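Colleague: Here is a model I would like to go through with you. Could we take the strands, the core and the rings in turn?

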Amino acid sequence: MSDDGVIRVYTDGACSGNPGPGGWGALLRWNGHEKEISGGDGDTTNNRMEMMAVIQALETLKKSSRVEIYTDSKYVMDGATKWMAGWKAKGWKGAHKKPVKNRGLWERIDSLLSTHDVTFFWVKGHSGHPENERADELATGAIPR
């Protein structure tokens, strides 16, 4: 494990039906330490659970940090790195001047990104990436039954 001061976070969300009951999971690694967190919601979507994994991971951090987030969600990665600035400039309106879906969660992510130095990385889901597979196990295990 690296001791370069970067916190590496592996996130995933899962949903049984979409919408339906869902779960999120995150694996955090820093300086030889590891922490797993997860949670669920009885009525949600996969995208919301992907977002909650990122939110909860970043909210777990006690101080401003350099963070690498590894996600299999292009929605979360592109939303945070490509689309959010435009949404904010347009009063949280997206394509066709319609309100952005999940605005409240995007606002939480936006606030957290202003606190931490975050870089996103996309990983292909269900492809044998060990940390992504673990985040998926955490997420599916947190789905309310």
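Colleague: Which residue stands opposite Phe120 in β5?

Modeller: This is a predicted model, in which local features need pLDDT of at least 70 and side-chain atom pairs count only at pLDDT 80 or more, while totals for chains, interfaces and linings use all residues. Residues are numbered from 1 along each chain as its sequence is written, and side-chain values use heavy atoms, with hydrogens and water left out. Strands (E, at least two residues) and helices (H or I, at least four) are DSSP runs numbered from the N terminus. β4 and β5 run parallel and are joined by 6 bridges, and the residue opposite Phe120 is Ile69.

Colleague: In what order do the 5 strands of the open sheet lie?

Modeller: Two strands pair if DSSP finds at least two bridges between them. β1 and β4 pair in the parallel sense over 5 bridges, whereas β2 and β3 run antiparallel and are joined by 10. The edge strands, each pairing on one side only, are β3 (33-44) and β5. The pairing is mixed, and the order is β3-β2-β1-β4-β5.

Colleague: What angle does the direction of α2 make with that of β5?

Modeller: Axes are lines fitted to C-alpha atoms, for helices over the stretch in contact, and angles run from 0 to 180 degrees between N-to-C directions. Contact means heavy atoms within 4.5 Å. α2 packs on the sheet and touches β4 and β5; its direction and that of β5 make about 140 degrees.

Colleague: How many residues of β4 are buried?

Modeller: Buried means under 20% relative accessible area, exposed over 50%, and partly exposed in between (1.4 Å probe, protein chains only). Tyr70 counts as buried at 15% relative accessibility. β4 is largely enclosed by the rest of the structure, because the buried residues number 5 of the 6.

Colleague: How far apart are the ring centres of Tyr70 and Phe121?

Modeller: Rings of Phe, Tyr and Trp (its six-membered ring) pair if their centres lie within 6.5 Å; planes under 30 degrees apart count as stacked, over 60 as edge-to-face and the rest as tilted. By this rule there are 5 aromatic pairs. The planes of Tyr70 and Phe121 are at 15 degrees, so the pair is stacked, with a centre distance of 4.9 Å.

Colleague: What sits over the ring of Trp122?

Modeller: A charge sits over a ring if NZ of Lys or CZ of Arg is within 6 Å of the ring centre and within 35 degrees of the ring normal. Here the distance from the ring centre is 4.4 Å, and the group is the charged end of Lys74.

Colleague: What is the relative accessibility of Thr11?

Modeller: Thr11 is found in strand β1. Leaving aside neighbours within four places in sequence, its contacts include Gly25, Ala53, Ile69, Asp72 and Asn132. Thr11 counts as buried, because its relative accessibility is 0%.
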